[in-house]
Amino acid sequence: MFEFIIFIYGAIIGSFLNVLIYRLPLGLSIIKPIRSYCPSCGYQIKWYENIPLLSYLFLKGSCSKCSNKIGFSYFCVELISGLLALLVYVKIGINYDFF
């Protein structure tokens, strides 16, 4: 059970990494707007449409408003971040170095 929590923690970090990966190269703020939005139509994504990994699967990789595809890389970054967090936990456990 704790391993699942660690995986989810990593996926949440991956979700924030996606914000950085998208916004920083474009010179956009990572603070405003606070909520994520569709890169195609600008629709502000609802909280329940922004759950790491699950939302991508439920929405079939598309915006719920305009139906434009959202890149598979978003899913991959979240998945890899979750798996890396789990791997680090398995290797070193929870300690200062983990964080």
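Let me begin with conventions. Residues are numbered from 1 along each chain as its sequence is written, and side-chain values use heavy atoms, with hydrogens and water left out. Since the model is predicted, local features need pLDDT of at least 70 and side-chain atom pairs count only at pLDDT 80 or more, while totals for chains, interfaces and linings use all residues.

The protein has 3 helices and 0 strands; here helices (H or I, at least four residues) and strands (E, at least two) are DSSP runs, numbered from the N terminus. The order of elements from the N terminus is α-α-α. Along the principal axes, the C-alpha atoms fill a box of roughly 45 × 30 × 20 Å.

I turn to the helix packing. Helix α1, residues 2-23, packs against helix α3, residues 72-92, at an angle of about 140 degrees, and their axes are 7 Å apart. Axes are lines fitted to C-alpha atoms, for helices over the stretch in contact, and angles run from 0 to 180 degrees between N-to-C directions. That angle makes α1 oblique to α3 (under 35 degrees is roughly parallel, over 145 roughly antiparallel, 65 to 115 roughly perpendicular, and the rest oblique). Contact means heavy atoms within 4.5 Å. On the α1 side the contact residues include Phe2, Ile6, Gly10, Gly14 and Ile21, and on the α3 side they include Tyr74, Val77, Gly82 and Tyr89. The residues of this contact divide into 14 nonpolar, 7 polar and 2 charged. Here Ala, Val, Leu, Ile, Met, Phe, Trp, Tyr, Cys and Pro count as nonpolar, Asp, Glu, Lys and Arg as charged, and the others, Gly among them, as polar.

Next, the spaces. On a 1 Å grid over the protein atoms alone, a cavity is a set of points where a 1.4 Å probe fits but cannot get out; a pocket is an open set with protein on both sides within 12 Å along at least five of seven lines; lining residues have an atom within 4 Å of a point. Grid points are joined across faces, edges and corners, and a volume is the space filled by probe spheres set on the points.

How many cavities of 30 Å³ or more does the search find? The whole structure holds 1. The largest cavity has a volume of about 440 Å³. Its lining comprises 25 residues, with Ser36, Ile45, Asn50, Ile70 and Tyr74 nearest the centre. Helix α1 gives the most to this lining, with 5 residues.

Finally, the largest pocket has a volume of about 160 Å³. Its lining includes Ser15, Arg23, Ser36, Ile45, Trp47 and Asn50.
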